[in-house]
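Here is a short walk through one structure. Keep the view open as you read.

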Amino acid sequence: MIRSILLTASLMASGTIFSQNLKTVSYQDGAQKLNGLVTSNAGKKLPGVLILPAWKGIDDEAKIAAAELEKQGYIAFVADIYGEGNIPMDGDSAAKTSGYYKKNYDAYQKRISLALEQLKKNGAISDKIAVIGYCFGGTGALESARGSLPVVGVVSIHGSIGKDQARKNGAISTKILVENPADDKGVTPEDYNNLVKEMNEGNADWQIITYAHSKHTFTDPKSPDYNELMAKRAWNHTLMFLKEILK
């Protein structure tokens, strides 16, 4: 127990340190200003990873992931989906704002596309780009595949995997990894089965890894759901997947 508390405190402090090494990149969606973050290796010709943050916007988990991906030889860009002045301050506003983009998935896909362009402008090799996302960002990772955005693969980490069944399933050429916590109350058996059906009907290259004894935000050290062992396994699975498709 004490070890887990110390590790959590260490990771939280590391997030602050890592954020100092990330550069703010401002870009636009029409009149809306967006403020993403890019790693310090920007400008080099390297594979790139777009990070889609959770429902409250850019957080320490996204920043730490960016720093760790830089160590692995990737340019990482943390997307700003909501835009300046629209960052949720609490769970209720986060649910409302993220819910808008889940429903209006075309607007979500557009914001992801704009962030991908920034990642390319900062040196990422255009045919060696992947998307990873946490929670609401995990939904975005799947929307990147559904929208046929120009990425090689996506990783959905404890994302909301369901979609409106009125939407038709289409072909999916993007490789997909879904990291699913076994005890996530937000994912129903119907959601799971529909996703498998969608992937199969789209003839996708897909895999789902389910992590035992794990609740929704099991990878976030600041969350009461944090599962140190399963979070480490999930990250290793992410790195293995990225290495396979990008290097």
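Buried means under 20% relative accessible area, exposed means over 50%, and partly exposed lies in between (1.4 Å probe, protein chains only). This is a predicted model, in which local features need pLDDT of at least 70, side-chain atom pairs count only at pLDDT 80 or more, and totals for chains, interfaces and linings use all residues. Residues are numbered from 1 along each chain as its sequence is written, and side-chain values use heavy atoms, with hydrogens and water left out.

Start at lysine 23. It is exposed, with a relative accessible area of 57%. Lysine 23 belongs to strand 1 (residues 23-29). Strands (E, at least two residues) and helices (H or I, at least four) are DSSP runs, numbered from the N terminus. Contact means heavy atoms within 4.5 Å. Setting aside neighbours within four places in sequence, lysine 23 touches Gly36, Leu37 and Val38. Proline 47 is 24 residues from lysine 23 in sequence, and their C-alpha atoms are 18 Å apart.

Now turn to a pair of helices. The axes of helix 3 (residues 91-103) and helix 4 (residues 105-121) come within 4 Å and cross at roughly 95°. Axes are lines fitted to C-alpha atoms, for helices over the stretch in contact, and angles run from 0 to 180 degrees between N-to-C directions. Angles of 65 to 115 degrees count as roughly perpendicular, so helix 3 and helix 4 are roughly perpendicular to each other. Tyr101, Lys102 and Lys103 in helix 3 meet Tyr105, Ala107, Tyr108 and Arg111 in helix 4.

Serine 148 follows helix 5, and its phi is positive, near 55°.

Definitions and conventions: Angles under 35 degrees count as roughly parallel, over 145 as roughly antiparallel, 65 to 115 as roughly perpendicular and the rest as oblique.
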